[in-house]
Structures are given as structure tokens and as C-alpha cells.
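Good morning, and thank you for coming. Please look at the sequence and the structure while I describe them.

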Amino acid sequence: MEWTADVEAGAWIRDRVDEPWRGTMHDVVPRGFPFYTRVFHGTTRSRPVDGEWPPLPYDRNRHAWEEFAGRQVEIETTAARWADAAQAFGTEMHAGAQWGSLVRARSGEWDPNAWQQAQSADGWQFDAPQEGQLDAATLSAVAGVAAAHTTTPDDGFVALWEGWGSLVGAMGYGPSRALLTAVNEPDAADAQTGHHLKFLARSTRDVFNDVFRRPTWQPGILSDEISRGPRLSLPNRDFVLFRAAMSELADPEWVRTVPWRDRLGDAHGFPPRAESPSIVWPADRAWVMVSEVDWDSTIVAGSSELQRALCTDPRIEALGIREGASLQWDADEVNR
């Protein structure tokens, strides 16, 4: 996989999405495909091994949660699907389901954060799915299935939203990111303190005594050449573009090989990490996969055969969705 400055390779998408946005999936998903499939981002559910959760919301039950945390209760956590949440909350799983409605966060007294964690009657607490990101295993599964439905599996494109934190370099007053580490040895602690003070000196602007200080270039994860290079510009979103074989994303270890892997984090002992691609398509444009940054699901547009393969793969939670559907938070017409 390698960066490309030929951003016009994605101009066909610009011609087939809505501008201005109209509140449907075609704000970001190209029109004109015969079938659309919604891949639901995974989530987790957890519960105390002994006892039960304190009630939500947190701010109204703060003392109960502080007491619960002080007891250091053992928590059981497992992966979960949207269908699991629907079963737990007595709602209906369907192609147009919205998480807040599925876990009944929209009923009763309004709590703007209720969708983030929701407790079911059987004792599980469900976490909201991650927005804008397919987990690495699911992305690998989807890419592997999709690679079998193109005549150009060895040639395609991957677009990555430029707005992910610290991805690209930019002009600023301090480093684009800081990594917090724990140290135990006194000498190491002194060195870490000195490093931290230097960081603060570079990153903090004194508006009274340093008014003439100018911003300087702060590197990101990607190289300066890429950071300063052209973008695939779509309505309200700009992307860094890469050329890739679909097999590269189908590899379960894709996080370790993509150019935007966070190698500075690796050097500080963090697990390998990379953002999920935002848009993927093969050179023959047989399909396109879109993970919009504000959505908790991914749309794959393509053939009926591709839709069938995605919806029947046990590794993937997916359902066919109608063209022109809305994925906004209040679009669930079944779970009202």
C-alpha cells in the first residue's frame, strides 16, 4: 500500500454523493449501485460477577458509582452485537435500527448521554458502538468477502479521513500529540519530568510574554510529504488517498502494515494501532465501502451477490438497506 497524489481517482465519488447534504446515507455513500448493505459496528457488554450495576445516569448517582468503584468489583466483559442488544431490551433489530432507539435511550426522561451506556433488565450494561471505525477483525472479514466480488482485487484505493487526531502534520504551537507513560525509577522519573517540561515549553503559548511567537510545523503520523500533499475533497470531508490491493486489508494483521500505523505509540509500548479506512473501492468500482466518521455502521454498495455474501458471513453482522435510507440518530421508524 502506498500514498498517491492522484486524488482525481476518487472524483467519481464526488459526482455521486449529495451536495449539499440531505440527511441520507448518500451524503457520503455514492448513488447508483444496485444494492446497499449496512455492516453494524461491534460493541461490548459487561456486568459485575457478583451483584449488580449502580443505576444510571452517572451524574445523578455519583455516590453509588464511587462506592461501587471503591469495592473493585470483578467485571465480566464480552463482545456483543446489535441483535444482542435488541433481544436484551425487547426491541426489534432491523436494517434501519439506530442504537439509541434499540437500547431505549430515547424513551422516558431525556438524557443526552443515555445511548453511550445502557443497562438491560438482565443485568448487562451495553456500550455504544464506536463511530467511524470498524474493528480490525471485522474490517478484515468485510474486505476479504468484497475482494472476491471485483475483477481488480490487486488494484484499488483506500481513503483515510484527514481529521483523525495526529494523523497529519500541521502548523501549530506544540507537538501534535503527547504520550503519557508511567515510570517507577527515580532517575527515570526525573528524566521524564524534564522531558515533560520541555514539551510544555514548546506547546504552551504565553499570550502575555510570548505574543510574537509564530506557529511552526508539527509532524504527524504520516510523513511531511503526505501531510502537505493533495487531498481527495468530498463535501464536508477531506481524505488522504492510498493505492492498495484489497488483499492487504483482508489480512487480519493489516493494522501492522498500513502506512498510517502509529509507530510512535509502538515505541512507547502501546499495542499496534491504526485508524480504520474511511472509504475503500477497487479500481473497477464494482463496490465501495464507506465508514463515515459520525456513523456507528459502515455501508457497502455493490452487487446482490456481494450483499448476500456479507449478510450470510457469520463473522459479520450485516443487513441489506434501501437506497436513500437515513442513518441519523432519530431515523429508526420501528423502535419508537
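**Surface and sheet**

The protein exposes about 17400 Å², and carbon and sulfur atoms supply 50% of this area; accessible areas come from the Shrake-Rupley method with a 1.4 Å probe, and for residues only the protein chains shown count as cover. This is a predicted model, in which local features need pLDDT of at least 70 and side-chain atom pairs count only at pLDDT 80 or more, while totals for chains, interfaces and linings use all residues. Residues are numbered from 1 along each chain as its sequence is written, and side-chain values use heavy atoms, with hydrogens and water left out.

The protein has 11 helices and 15 strands; these are DSSP runs numbered from the N terminus, helices being H or I of at least four residues and strands E of at least two.

Which order do its 4 strands follow? The open sheet runs β4-β3-β6-β5, with antiparallel pairing; two strands pair if DSSP finds at least two bridges between them. Because β4 and β5 (117–119) stand at the edges with a single partner strand each, one side of each is left without a neighbour in the sheet.

Strand β3 (residues 43–48) is joined to β4 (residues 75–80) by 6 bridges, and to β6 (residues 125–127) by 2 bridges. Residue S46 of the protein has T77 as its bridge partner in β4 and stands opposite Q125 in β6. Likewise, T44 stands opposite A79 in β4.
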